[in-house]
Amino acid sequence: MGEHRLAEDSSINGGAPKLENIHKVSLIPLVFLIFYEVSGGPFGIEDSVQAAGPLLAILGFLVFPFVWSIPEALITAEMGTMFPENGGYVVWVSSALGPFWGFQQGWMKWLSGVIDNALYPVLFLDYLKSGVPALGGGLPRVFAVLILTIALTYLNYRGLAIVGWMAVFLGLFSIAPFVLMGLVAIPKLRPARWLVVNWRSVDWNLYLNTLFWNLNYWDSISTLAGEVDNPKKTLPKALFYALILVVVGYLYPLLAGTGAIPLDRESWTDGYFSDVAKILAGVWLRWWVQGASALSNMGMFITEMSSDSYQLLGMAERGMLPEFFGKRSRYGTPLVGILFSASGVLLLSWMTFQEIVAAENFLYCFGMILEFVAFIKLRLSYPNAPRPYKIPLGTVGCILMIIPPTVLICVVLAFATFKVMTVSIFAMLVGFILQPCLKQAEKRRLWKFHTNSNLPEFREAEHDISTIESLIG
């Protein structure tokens, strides 16, 4: 009984302060929050066909989950249940490698998330511009981005429970037209079309970035762990169900679209699924797909902003950011974090789709390297720490598991353009300067920093468990 009570009370179990007005997120909304953190539906996968043709696109979405998505989801399940608090991967890295690298992880992942969030107004307008040409550029597009950002930011302000159940509604509405499109496509399918490939014309940079962008960010949900109802059990289940939903949600429409209509690779760019719907069933299905895209982008925006803003709140609770980042609104949401994340989206919304994907992938890769190192170090240094969910591979098996995704990270980085590499490295260097500056501000009392006393220290928990084990043994 003593060991069990210690695991319950002293494992990394603090999270945000238990505010009575905060409704915890349950399993079903959490599944759809993860779905929108990672995917949101097949919108944006069209570039994989343009880059490499049907065969490689289909194989990519079959094989890539085993190389990247499953390992990342498993690590998120283990570490997220070990540290069920807001801040997620920032706390993992800080506990394993120290506060400096924890801050760098937070900076790179937050910036990557904000860059990623700048995509969704772009995708939203790309799907609508065929029906409303004025949204293709100029002042109408600028005002549309501004209005959309303000409206969705307000939803985040109103509470994570609202965001979660809205994600459920938006997810079901976004998936529905593709289910119908697949059924309509069955009589027209020609399996030989799935096998088309031209190795000499493959754009590997666009292909890999498209796959990587559409199948990563499984760890983003960890920054909301402090808001989840019973995260030690709920988080692993939600990750499993979301993984199935994401992979099927990509392959089903991809098989329908490439198998039912003649291939025109140049047409396969973001927004093309609405044209596929029109070819297969008529204008009515095209409008449904466009509407689903609009709602899907709303879902991805609000969930990504939730992740980014709660990450800042978690960092403030750990004393990495000034105390005002930990301020909650009357709805329990991280007010300052939301405002910062929304401002970043507006500043980055001028970038093109391909530039945004490449830039956020570059920063995300460096953040994932830190996560992998932290994961293995915690396994080696603290093997007896409470892990409500533990990957059943052993430490050696876990090291072997992360070798393929690490190789993939190196490949993605190698294919980055000089412009993307320069901007991304500059952004990383800003983090190296920013952390010491914040420490100086704390030392000189320019800003108030505070560590939440409800968050137990990982090493203390590990030390207590080791002491009890030695006494019992």
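Predicted model: local features only at pLDDT ≥ 70, side-chain atom pairs only at ≥ 80, totals over all residues.
A pair of aromatic rings is described by the distance of the centres and the angle of the planes. The structure holds 26 aromatic pairs. One of them joins Phe178 and Phe273, whose ring centres are 5.6 Å apart and whose planes stand at 85 degrees, so this pair is edge-to-face. Elsewhere, a single aromatic cluster is formed by Phe64, Trp68, Phe212, Tyr217, Tyr364 and Phe372. An aromatic ring also takes part in an arrangement with a charged group: the charged end of Lys109 sits over the ring of Tyr89, at 4.1 Å from the ring centre.

Helix packing was examined for α2 and α12. Helix α2 (residues 27-38) packs with helix α12 (residues 283-317) at an angle of about 100 degrees, and their axes are 8 Å apart. Because angles of 65 to 115 degrees count as roughly perpendicular, α2 is roughly perpendicular to α12. On the α2 side, the contact is made by Leu33, Tyr36 and Glu37. Helix α12 contributes Leu295, Ser296, Gly299, Met300, Thr303, Glu304 and Ser307. Four of the residues in this contact of α2 with α12 are nonpolar, four are polar and two are charged.

Methods. Residues numbered from 1 in each chain as written. Heavy atoms only, no water. Phe/Tyr/Trp six-rings, centres within 6.5 Å; stacked < 30°, edge-to-face > 60°. Lys NZ or Arg CZ within 6 Å of the ring centre and 35° of its normal. Axes fitted to C-alpha atoms, helices over the stretch in contact; angles between N-to-C directions. Helix = DSSP H or I, 4+ residues; strand = E, 2+ residues; numbered from the N terminus. Parallel < 35°, antiparallel > 145°, perpendicular 65-115°, else oblique. Contact = heavy atoms within 4.5 Å. Nonpolar A, V, L, I, M, F, W, Y, C, P; charged D, E, K, R; others polar.
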